[in-house]
Each structure stands twice: as C-alpha cells, then as structure tokens.
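Visitor: Could you walk me through this structure, one question at a time?

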Amino acid sequence: ACGGDTGGGTTASEAPAGEAEGTLKVGLAFDIGGRGDKSFNDAAYAGLEKAKTELGAEIKELSPASDGSNRGDLLRQLADAGYNPIIGVGFAYGEDIKKTAEEYPDIQFAVVDSASNAPNVTGLLFAEEQGSYLAGVAAATKAESGHVGFVGGVENDLIKKFQAGFEAGVKSVKSDAKIDVKYLTPDGDFSGFKAPDKGKVAAEKMFQDGADIVYHAAGDSGLGVFQAAAAAKKKAIGVDSDQRQTVKETDLQGVIMTSMLKRVDVGVFEFIKAFQGGAKGGTDITYDLKVDGVGLSTTGGEIDDIKDELDAAKKDIVEGKITVPSKP
Amino acid sequence: MPAGLNRALFTVAGAVVAIILAIAICSVAIVAAGADPLTAFAAFFDFGASARSQSNGIAAFLNRAVPLFIAGLAVAVGFRMNLFNIGVEGQYRLAAICAAYVGSTFTAPKPIQITVIILVAAAVGGLYALIPAVMKVTRGVNEVIATIMLNYIAINLTSYLVRGPFAGQRDAGELTTTTPDLPESAMFPNLNFFFDWFGMLPPTRGGGVWGFLLVAVVLGLVVWVVLERTRFGFDVKASGLNGPAALASGVNPKTMVIAAMVMSGAIAGLIGLPEILGDRGAFNSNFTAGLGFLGIAVALLGRNKPVGIAIAALLFAFLDRAQGALQIAEVPPSVITIIQGVIVLLVVVANEVTNRLALRLEERRAARQLGGNSPVEVGA
Amino acid sequence: MTRVAKYHVVLVGVAVLLLLLSLVRVVTGYDDITSSGTFAAALLLAVPIGLAGLGGLWAERAGVVNIGLEGMMVLGTWFAGWAGYQWGAVAALVAGLLGGALGGLLHAIATVTFGVDHIISGVAINLLGPGVTRFLSEVLYKEGTPAAEAGAGITTSPAITSPPPRPSLPLLSDGPDLLGRLENTHWFLLSDLAGMLRGVTHNVNLLVLLAVLLLPLTYFVLWHTSFGLRLRSAGENPWAAESLGVNVYLIKYVAVVISGAFAGLGGVFLVFVSTKYVEGQTAGRGFIGLAAMIFGNWRPGGLAGAAALFGYADGLQLRSSGAVTSFFLFGAVLLLIYLGLRVRRLLASGQPAEMVTTGARQYTAMAAAAVGMVVLFWLWLTVDQLPNEFVFITPHVLTLIVLLVASQRLRMPKADGVSYRRGEQH
Amino acid sequence: MSSDTLDTARPAVELEGITKRFPGVVANHDIRISVRQGTVHAIVGENGAGKSTLMKILYGMQKPDEGTIKVDGKDVSFRSPSDAIAAGIGMVHQHFMLADNFTVLENIVLGAEPTTAGFLDVATARKRITELANAHGLRVDPGRLVEDLGVGDRQRVEILKVLYRGARILILDEPTAVLVPQEVDELFQNLRELTAEGLTVIFISHKLDEVLDIADEITVIRRGTTVASVDPGEVTARQLAELMVGSELPTPETRESTVTDTVMLKVSHLTMEADGHRAVPKGMPVERYIDLLREEGRRLLLDDVSFEIHKGEILGLAGVEGNGQSELIEAIMGIRPSHGGIALGDQDLSGWSTLRRREAGIGYIPEDRHRQGLLLEASLWENRVLGHQTRRPARSGIWINRAASKSDTWRIVQDYDVRTPGVDTLALALSGGNQQKLIVGREMSGEPAFLIAAHPTRGVDVGAQAAIWDHLREARAAGLAVLLISADLDELIGLSDSIQVIYRGRLVAALDPSDITPERLGGYMTGAIAGTEES
Ligand SMILES: Nc1ncnc2c1ncn2[C@@H]1O[C@H](COP(=O)(O)OP(=O)(O)OP(=O)(O)O)[C@@H](O)[C@H]1O
Ligand SMILES: Nc1ncnc2c1ncn2[C@@H]1O[C@H](COP(=O)(O)OP(=O)(O)OP(=O)(O)O)[C@@H](O)[C@H]1O
Ligand SMILES: [Mg+2]
Ligand SMILES: [Mg+2]
C-alpha cells in the first residue's frame, strides 16, 4: 500500500503486489544514516535509481533503525515482499546477508563492501586502497613540504584500507614524507563520522605542524577538515563522492583538491544489470582502478598538471606492477 | 474493593489514556508529514501477506522485546531504590564481549557451555557495576555521573578488546571486527516449534524466535520474587521509599547500594546474550548498541515492576518492528521514536496524576470508614 | 577558610599547575601540551560542554534536575541548522535557543506542573529530542525539497549562510602576533603562558566570547540579583520561598526554560563550528555538561574549570595522542608534591597528638600515593603510544578520579530533584 | 464564658464563617474570630483542630471554601501569600521556613529584595535589618549562614522576616515549641514590645501556661470550629485544656518507681567528632584519645557522655534541640560512628551494626516519624515489618511472611487503637497521631529490652498522648529501660525516673524529677545554671 500523496515520492508507486513474471523488483537496505546522507548510501541509491530508469526495475529501499539492530529484518521483509535481487549497503550487512541468503536460496543478494559468503550472494568490493594510493600520489606530488595528513572518522578496518593505500601512495613518491594520521573515534563508536568539530581540530593540528594536504575518510567530519584547510589556506582531499560538487559551501569547494571516488552507484547498477542478464552470485566483484570503480575526481582541475604521474601510477597498479596494501 | 486493586485499576486507566493521547499526537505529526495516520497505524499491524513473513515479523518482534525486557529489569532494580544506574549501557556491552570471548575458548556440552557464558556475562556486568557502587559508598560519588563516565570507558574498552586481545578470525573480505566464533554448543536452541503449535509456518531457519526468551521469562519471575517477596526486596523497597527510615530500621544503605547495583549490573550483563547466543554467535562491531538507554525508558514505562516492564518491552518492540513496514507505507519511520518518547512522557505524567487521585481517594475512604471528623456542634 | 584565603589558594594552585605543565612539556618535548592550538581546540570543545553545564546549573539551582540536556541540545542543533541555512547566523542563534527552550518547557511542564520525577522526564526528553529532529529532517529535508537542493540530507542541514565572525586580539594574537612568536621560542613557562593566551584570543568565534561571558553573567544574575536569589531559594527551600510570596512554579518554569535555552545554545555553537546541522553531532555532550556542572559544585566558576578540563583533555588527545602519555609524568609529579607536603607536615608538627590522630589511614593514603607515583612513572617510561581507545577515555577517567578525590566537598542545592507542590510541605 | 469584644476600635482581623474541607476532613468549620488591634490573640486547640489551616487561610496559602476575611475592616481575598504580605500580614510557621544554605540576610529579604538597577542592594538590606534588629531587640548577624544558627536565632530570623516586610499583623504558629523557657521569656518580651507599638499578634501554642502568660484574649478551637472565646484572666490552664479537649485531662505522672538494680544500658565515654570519624589508635584508651581530641581543638558533637539505665527505669534526657540529642540517638543506634562503649545487658554493642543492635533488643521511636519512622507510600503491614525484617513474625527464611505480618499488624491496630480502615491502607492516609500509635506499637512488639523514645507524643493529640504514656508506663513496669527525649518538659518530668541534661554535647546535670520545675530545668538546659544535683 502506498501513501498516495506523499509529496513527490520518488519510489515505486506502481501497482503493489503485482508479482507478474518478468518484472524486476529490486530491494535495497541502507546502512545506518540511510537515504540522504550525501555519501555512501546516496551513491548506492543513485545506482538503484539508474536501474529504475534504464532497466525498468521496480525499486524499494529501506533504512535501518538508528541502532542498526534490524538489518536482518529489513532483508527478510524485502525477501518476503518478493524483491529479488536484494542489496545490502555496507560491510555491516555481511553477516546478515549470509544468514538471509541461506534462508532464501532462491533470491539473489549483493552486499557492498563485504565478500560473498553464500552461493547466492555477490560481494561488491571496492579497492579503496588503490584509489587512496592515487590520492597519496597526488598529495605527495603536490605537497611541497613533504608533509601530509590523514583523518579517519572511525578506526575500523574499512577506513584503515584508505589509510594504507594513501600511505603507500605517498611513500611511492617521497619515501621520507611525513604522514600524520588521526582517527576521531574507535571502532564501534560511529560518532567519529558525525563530528566536524573534531575533524577540524585534528586537521588544524596537522596543518599547523606543516602538512600541506590532508586526506579524509571521515564522513561528515570531513567538513571540519575542509574548514581547517580553508583557514590554513591549504588543501584537502575528499572521499567517496566528488566532494567539490557535493559540498555546497563555495569557500570550502576551493580547498578540495580532488576526491577519492568510490563508485558504489556503479557497483549497484552493474550488479542489477548482471542479475537481469541471468548472472548468479557466489563470487566477489571488485571495483578497482581497472574498471574505474575507484579513482580521483578532477573537478576544479587542480590535479590536471600531475595527470601523467597519476596515470603512470594507475597503470602500474592495473598491470599488477604495484600491489597496494590494504592494511597499514 | 481492596486498596491495591483500586490503585492498579487507576494505573491501567492512566496508561490507556496516555497511549491514546500519544497516538493522537503522533497522528498530527504523521499528517504534518503528508502521510495518512490510518495507513501508518495499519503498517504497525501489517505483518505481511505470506505466512512466512508473518512468522518472521512475530519473531522479529519477540526477539526485539527480549533484550529490552532484560534491560528494563536491570534498570528497574536500581530505580526501585532511587539508584539511577545509567551505566547499563556500558555494563552490557562489556559483559557481552567478555562472555562471547570466554565462550569461544572452550567447548562443553550445551547446558554447561551456555550456563558458563551466562555466568560470565552476569559476573562481568555485576563487577563493572560494582565500580560506581563502591565509589558511591566509599566516596559519595554521584552514581549518575559515575555511570555516565563509565559508559564511555566501557564503549572504548570493548572496541579495544574486539580488535585487540579478543579479536577472532574473520572470513576473507569481511570487514566487521569480531570475537572468535562460538562453538555450536553455545548457541541457544530457538523456539520455532512454538509456531507449529499454532499451525503456523516456522520462521526461516537461521532466524526464528530466540530461545533466550525463556531465560528472560525466568529472570523476570526471579526478579519479581526477589523484589516482592524476600527480605532483600523489602529492604530495597524501604530504601527507595525512605532512605533515613530504612537506615534507622537497620538496613545498611551501603550494602544495599552495592547489592542493588551489582544485581542490576549482573542482569544488565545478560542483555547482549539473546543476540549473541541466538543469532550472531560472536560479539562484533555491529552489536546492537543503545539498549541500556532504551532500558531506562522501558523500566519507567513499566513502573519498575517486572510485569509492567514486560508489557513496556513488548510495546516498544512492537513499535520497533514496524520500521520496515512504515517505510513500505511511505511513512517516516522516525514516528516510532516519537511515539515511544511521547508515550513515556505521557505515561509518567499519567502515573503522577492517577497516583495522586488514587491516594486522595484512599484518604477519603479511610476517613469515611472511620466515620470520625464530623464537625462538632458549636455550643457556645 | 575565609574567602580571600580561598581565593589565594586557588591562584597558587593554578600557578603550580601551570608550572608543572610547562615542566612536563619541556621534559617530554610535546609542545602541544601548552600550544596555542591545543588551548584554542580546548576552548572550542569546552564551550558546548560549558553551555550544557550552564543549562544544568540554572535548572538545578532552581531545584530541577535536568538530565534531558542532551535532548534539548539536539533540538538546539536542529533548529539552528534549519533556521541558519535560510536566514543566517542570527536566525540560527535565535532558533537554536528557542528549540532548546522548547525542550526545557516540556521538562518544566512534566516536572513542575505534573510533579514527574526529574530523571524520568529527562530520559523521556532524551528519547524525544533525536526522534523529533530525525522526523523533521525526514519531512523537511527529503529528496526534492528546496532544502535538499541546497545540500540537505536526512542527516544534515544545508550549510548556514553567513557564519559568525571570528575576531582575534590585535597586536598580540594577530598582525605582529607577539604571543605567537613568544610561543614559538619554546621558553620555559613564558612560551606556555603565551600559548595559552594566544589560544584563547586568536581567531575566536564570536559565540565563544558570548558563551564565556555567560559564565560571569550567570554568576551575577544568580548571586547578585533578586531574581537570582528567588531562583536559588526555589532550589534550597521552595516552601520558604512560597511562604514569602515567591511564585515558585513560575521561577522554576523560567529557570528550566532558560536551562533548555542554554543547552540549545550549546547546540547552536556546534552548528556554528561545523556550519551545519549534522545528526548526532552532540555526541553525549549534554551528559558531559551535566557531569561538569556537578564536578564544578553547582557553581559557574567550578563549571568553567571542569568544562575547560574536558575541553583540554579532548583537544590534546585529538591533536597529539602521544602527548597524552606525558600525563603519566604529570600525575607522578603531582603525587610527589602531595607526598612531599604530607611528609613535611608530619615532620613539622612533631606533636604526638597529631601523629596519633592522623593514624593508619594517613599512612595508607601516603603509601597508595607512593605506589601510584611509581606506577605512573614506570608507565611514562615504558609506554610510548597508548592504544587510541585509551587515549579517547582520558577525559572520562580524569573526571572519575577528580570525583573520587573531591566529591565529598560537593554540595548540591538542598531541594534539588525534590518534586515540589504548592501547599504541600514534606 | 465567652466575653464580648467591648473595644470600640476596629478589629485588626475578622474571620467570619470560615470553612475549609480537605478530602475526607473538615479542617475548619464556620470559624468566627475577631482580633483586636495591638493585642496578643491566642488560639488554642488540640492537634489537628485546624489552627494551622486557619492561619494558612489568613496568610493566603490556602483558600477557604466559605467565609469572609476582613483586615482592618476591609474585605479581602488573598490568592497567595504575597497578597497577604501586601495587606500587612506576616506569618511565622510551625516549622522553620528557612533556606539553610542562605545567609540570614538572604533569608530575610527573599521576596522583598531591595534592588538598585536590578541588582541586590546588600548594603541597604543589611542596614535595615540591623535597624530592625536593634529596634526590637532581635540580635542576629545578617552575614551568617542559617545552617550555623541555633533554634533561638532561627526563630528570631523568622520574626525579622515578618517585620522586614512591614507586617502589622503577626501570626506565630507554635513559635515556642522548640524554645527553652528563657528563650520563651525573651520572645514574649519582644512580643510585648511589638504590641505596644500597635502591632497585632496571633499566637498559637499548645503550652497553656504560656498562653495565659502572653495572651490578651484566647480563642479555643475544637474539631475545626470555634468553641469559646475567653479572657486569660478568667480561666485556669486546666479549664482551658478541658475546653480544648471537651473532657478530663490526662497527666503524665508516673506513680511508683519500678527501677531495679540491673543495669540494662550502659553508655561510657561516648564521643562523636563533628568532622569525620577516625578510629581510635590501637592500644590507646578512649579517655586518652578524647583528651587528645580536645587538645587538638576538634569540635565534638558528643563529649564524653556516660550514663546507665536500669531495668524498669525511664531516663529523661533534657536539652535544647541541637545539643547532641540526635547524635546520641544515632550513636546508640549505630547509625553514626562514635567512640566509647555502649553495652546492653552483658553485651558490648560498640561496633555492631544497627540491625544487630535492633535484634539485640533496642526499640526506637524516632523524633521525626515521617523522616525516620515510616514508609509513607507503603501499606501499614509493610510499615510493621520495617525494622523487624529479620525477626519473627515478619520473616521466614529469606522470605517476608506476609500473612503473619498482616495479622500481627491487626493486633497492633487493635491493641493501640490505630484508627484505620485496614492494614493494606497506605501509611500516609493516617493522621499523625495514628501514625505515631502504629510506630509505638511496632517498636513495642519487638519486646525490646531498651527503648529510645524521642518525642513520642510530638504532634499527637491529647487522647493519643495519654495512650502512648500508658503504654510506656506498662512496658516500664514490665522491666523495659527507656531513654526518653522530649521537648515537652512536663512530659519529661512526669514520666522520668531520673533526668540528665545535655548541653553542647555533654551531660551537665543529673536531676531528680520529683523536685524540679520546668523553669529550673530550662536553666540547666540553656547553661544558665551550672553544676550537678545528686538524684
Ligand atoms: N493539605 C491538607 N490536606 C488534607 N488534609 C489536611 C491538610 N492540611 C491539614 N489537613 C487536615 O486538617 C486538619 C487540621 O490540620 P491543622 O494542621 O490545621 O491542625 P493544627 O490545629 O494546626 O494541628 P497541630 O497542633 O498539630 O499543628 C487535620 O486533620 C489535618 O489532617
Ligand atoms: N499536605 C497535605 N496533603 C495531604 N494530606 C495532608 C497534608 N498534610 C496533612 N495531611 C493529612 O493530614 C493528616 C495528618 O495530619 P496531622 O496534622 O494529624 O499530622 P501531621 O501534621 O502530618 O504530623 P506532624 O504534626 O508531625 O506534622 C493525614 O490525614 C494526612 O493525610
Ligand atoms: Mg500537624
Ligand atoms: Mg499546626
């Protein structure tokens, strides 16, 4: 049943329960924060929406409770409502997807940022470390002082992939470069993604100590990093989406030298498309530099002058000459 | 009518009025959000069309209620004697990780394995609650502040433990940090046979109703008996109603603070177990947080009495279950939190009002039955 | 002790602490211990805590325990963000204040009019605050709304237009920046002082000034006006106040609404720092503010000290995790001083009476201090990098330690938390 | 016996047909009183007769259901105390209405603060208070914290509060309850001065000799209604009392001595420090330690208190409130740590917990029944269990025996004439006197060997008072040792076999009740008379 006049609802308002053969019904469950987080979840949604327009899919997306206690329920609700395939956004879904997939062997699942763990689960992985490597190369090349920084929101393994790649990238350019690293909160305390003030303090310190460029993987806290960069008249590197475009403050846009893109939208869309084509799960699909699943944004043109260095690094990675570590 | 029954009736009437009012207030919010309240309330009762989705919905509902109930019990034990254990949050997280870790280090027959895990959880929760209790007793530190601080410490400590000393093996490509998996013998059998009795389809295999529900029921009974029937329970009640009088009657307030706090913490230690023993089989970084704080609301709603807490937990769980259903009906799911908050606020207000009414009535009745107090005729 | 003597003791204490800080900085080489950056960060992080604490102070001085500060602060952040992106900083300020005040009003209605237990009502408000704001975001910031066009999402508001100015103290912290230069020389004590001064004068957000001014203002209003006297009387003995014709209900209402407004102001401050509302950005500061107020003995001065301590610990931890280990040394030296003072007093008094009455307890305390000192010193020598989790909890552990040491001197308003009803004395 | 007010002057206050109902209680019923200007008008009546309620109505704290109030001939209707204050009425309440953590000055000016530009004008306030204090002989230091003041000082602060507001009509609700005779004399002196200046005083007291001493006119209230208006010159205290009660008056006289030779309670060298308790060093005798404490100049709340109570003896402890009585009780009950020895029979109790002491046979009627004696929001039978959780019939094993507790509560209700509809009734539904009877019954039911009775009849009406005295006497005859603490000196002298006076934490005199007057006793209590008589 639909709310009818829910002011410009963008989701499926077609006839419900029309389980006609052949209709593609895609369900998607967000991670905490849900729809509208201007980041990760929204990127996933963009992929879903693309599937709606381009593949004619009927779509349904659900956000979990703020404590994330009902991820499994959401998946089951989607499954029970006849959605297939179903996508869980965020590594936190790893385990719940596995359970649900075993319960519903006839449905195809995908999970973003976590590996496949059942025959009907596709892991949509992103080589954040590779993208971060490029960010590191860009930072090290641009930073005259040879001093850069990294601000992580929450100290979990996902964010550590960003750190590891970034450090490797920096060292590949300047082996003696100084890299400041700071996490805002420990694993399990997700407030580190929502604390611009702390991000600001941490980045401020790095800039005061002489860092020229700070890379963040800190969600909303990244805003503080940009502010610190603006105040210090230095640069920062954004994350996930092209933040020079998504950040609306004009004074901050200028400090975002580039952003490490993580194309969750591509991953989601490609998965749905492959499903339509009859693909079955059980494997991981890694979106890396090779398929442009990660990369650097060029809005503002600030890294155009080092395009050659970046391309070279990318080529090395794609060709396997360089293996980027995913643990710091 | 016995005085007690009279008061109970008043309480129920107050709660009903409060819930109706809360529904009314939330309807306004839902209309303001551009949705139809009827659709929204239908969503709360919409457990899906298929038999399977209904069983799943019931399972999700009960599984949510169990930890809430235990959390409410934990909080209530302290509240009964005006001891505000805000630290349930920290206590249960620390207890959960320690129990999950200890449980993963050995394998024993099911009953033994599960018992050991439960005992470890209770012990860790109780010990962690002992800290603010000792601080209060020896140095007069306000337990509200101490437990708030200890919550932060516990949260950090667990995240240190889960990625450090207690970290376990993970599947490749799995980013969730976790303790080692519990052996199969640690998993609490589920209660899905229960659905057979009603001729319903059992919920899907992996999920289902957590068997810990039974432990929670027993725990509720034990807490009720301890609080309502034993000497200890009497001392708790006396300390809560009137500290100085309890002291003069020979109740040692220090012992009481320590005993109640440790009991509260020990119960709190069990909050995480339904999830760990029923579903996850380990403590990981996705472990449900915030149950301690919700427990406060549940305890308040249930007036610190086990039966009330059970009802409150079921109510909260029932509302929480609709998270997905509401979204499917295009209603902002945050109305759930609003309803919960409004109900808590209104129910406590209703409690006050009905309490006062009931007391007034009782006084009047007492006066009437005694028949005294008719004014004397003035024979000046 | 007379007032003057107390004042002197406080001054001497502060001086000794500064000296010690400077010493520790020199010995350990962590300049951040007293750098202007740390103090600036400390100020930034202390202000919301201090404002929440002020909120608590106003309510509790009027006899209403306010554990709902967190929820009121959340309301403050949301309304500040919502008004700020549309009408600018002043509107954000006003809306945040009102949002918090609304929470306060709710608390007042429940506790004052209906006599609900204060903790209970506060818990309900903490539940409601985030729920209501999330709901409002879901309705007003959803895809397709003008706000979403301007950059809003379910978890954030658009950026506020025209953020408030951030003036610096000319000459000293700006332009020639004399303090800055002095700080960079890293001279013993002088640079530390300079760092401290520069930290609190350079690029200071206007709202910080406002917030800092609110402390003395609160002190004057509560302790030197008739309104303040009446307000405090409602927290000490509302029945006495009532019998003198003071309208206790009204006073409590006003106090609790102001309390909420202060908490809301704390939220506004957070929004100003991040230039937008971010869901969850209060991160428990309402609770910490409450702790700071208790820690500060229900007084503005003490509250300021406690908030500063929190801010400092958090700021230092964010800027330099390594520097945190130097506090092992700091603690060790403090214990050494304590021991020295004790021993001196023992030797100096020499009277048997003193010796006898001080007794075993004294000696155990001294022994414990000595052991603690050795342990801390050893930790300082061996640990060079604490796991982050342990660094994060520094402020909270410090609070617990201070409470353990000082809680017996705390004195809360006598009728604090008492549910007062007109005409019913108990 | 009623005498008409022949005075032609307009009465300061006229109350006409005042009626006030509380749920289940008619507190005031058609009250008529007329108070002449410049006089002291006393109102007497038993507990619960409705005196305080009437005064609260006059002071705007309660609204009458019916009736009119005239002040200086004008009809008034007060919505709150501030209206009454504006009409020139001030009230000193039955219980102190002071904020302990405030200074005297703050307490006095509260609600009527002098301000300049919104700020408290402390200097002006101080000046006015000092002037007022000097003019009326009410000396207090405006800068001191009230918590540091004694009761006499507090009473003066209360009166200053009223005068500060320029009241012309003063209501004093039992102002002498906590004062010793000398302080009462001082107060009366002040009152006379005030009336001489034209102020009007309405004075409430249970102490009829005081009333006869100070009043120009007396109104008697019984069960909420005015039953007589008399001239103090024409009645005796006894007649007045009979008017109040409407029946014969009981006396607290103890007839023959039942004192035995067996020492039941022996207290030796009991000492309590004001700031924190520190254990006596090992091997040091208590006496030496006490000397050390004195040398160090420590403040002692109890200072070397020693006494014995025999089986069948009632020892009366006289003293102005705040001289260590509460601390003595707390020390004996083990609620607060102290030095020295306490022995019950052959058992040394020092170091025992409160619970063990109670189990050993100490009963305790606390001074403040609401604070220390009852769980107001619990049923009567639960209140019966209180203090007897570990003993039969309340307990069986780890359980509370509900049935036995209830039936034993019924026994108390019957034996002690507790007026209640049932044992499941909440304690707060009972009147003060009935609550007190329940407490007395409870404490007696433990068959104590020794009983602490602190103000056992405070706030209890005459009938209940007599019943409680009877119970004490019976128990004493059966061999109970009693420590009786009371502010009612008649009760103390009447019931006790011997009297000790406590002053500043020390026992300063041992007196024989058979030849002591309340006035002399008061002298010892205030330290005006020093030295010891042998009893
Ligand atoms: N607020 C109230 N609610 C209900 N009943 C009340 C209230 N105040 C007084 N009463 C009842 O009114 C009656 C008169 O009480 P009041 O306090 O006026 O007596 P009193 O003459 O002052 O007694 P005392 O000598 O003990 O001070 C009592 O029976 C009391 O129980
Ligand atoms: N403020 C009040 N509200 C409701 N009922 C009251 C109030 N004050 C007194 N009562 C009622 O008055 C009766 C007891 O009053 P009473 O004056 O006899 O004793 P008391 O005043 O409580 O004792 P004490 O003299 O020690 O203060 C009970 O019925 C009680 O319920
Ligand atoms: Mg009374
Ligand atoms: Mg009275």
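Guide: Gladly! A nonpolar core is a set of buried Ala, Val, Leu, Ile, Met, Phe, Trp, Tyr and Cys residues joined through side-chain atoms within 4.5 Å. Buried means under 20% relative accessible area, with exposed over 50% and partly exposed in between (1.4 Å probe, protein chains only). This is a predicted model, where local features need pLDDT of at least 70, side-chain atom pairs count only at pLDDT 80 or more, and totals for chains, interfaces and linings use all residues. Residues are numbered from 1 along each chain as written, chains are lettered from A and ligands numbered from 1 in the order written, and side-chain values use heavy atoms, leaving out hydrogens and water.

Visitor: Which residues touch the most other members of the largest nonpolar core?

Guide: That core holds 372 residues. Helix H3 of chain B, residues 51-79, gives the most to this core, with 15 residues (helices, H or I, of at least four residues, and strands, E, of at least two, are DSSP runs numbered from the N terminus). The members touching the most others are D:Phe203 and D:Leu521.

Visitor: What is D:Leu521 in contact with, leaving aside neighbours within four places in sequence?

Guide: Contact means heavy atoms within 4.5 Å. The partners of D:Leu521 include D:Ala318, D:Leu489, D:Leu492 and D:Ile493. The list also has D:Ile499, D:Val501, D:Leu511 and D:Ile516.

Visitor: How many helices does chain C have?

Guide: Of the 426 residues in chain C, 59% count as buried. Chain C has zero strands, and its helices number 18.

Visitor: How far apart are the end C-alpha atoms of residues 287-310 of chain C?

Guide: UniProt, in an unreviewed entry, lists 287-310 of chain C among its "transmembrane region" spans; its positions follow the numbering used here, feature names are shortened, and annotations may be inferred rather than shown by experiment. Residues 287-310 are 83% helix and 0% strand, and their end C-alpha atoms are separated by 12 Å.

Visitor: Which chains does ligand 2 lie between?

Guide: Nine residues surround ligand 2, B:Glu363 and D:Arg369 being among the closest (near means a heavy atom within 4 Å). An oxygen atom of ligand 2 is 2.8 Å from an N or O atom in the side chain of D:Arg369. Ligand 2 sits between chains B, C and D.

Notes:
Polar contact = N/O pair within 3.5 Å; in protein donor to acceptor, adjacent residues only side chain to side chain.
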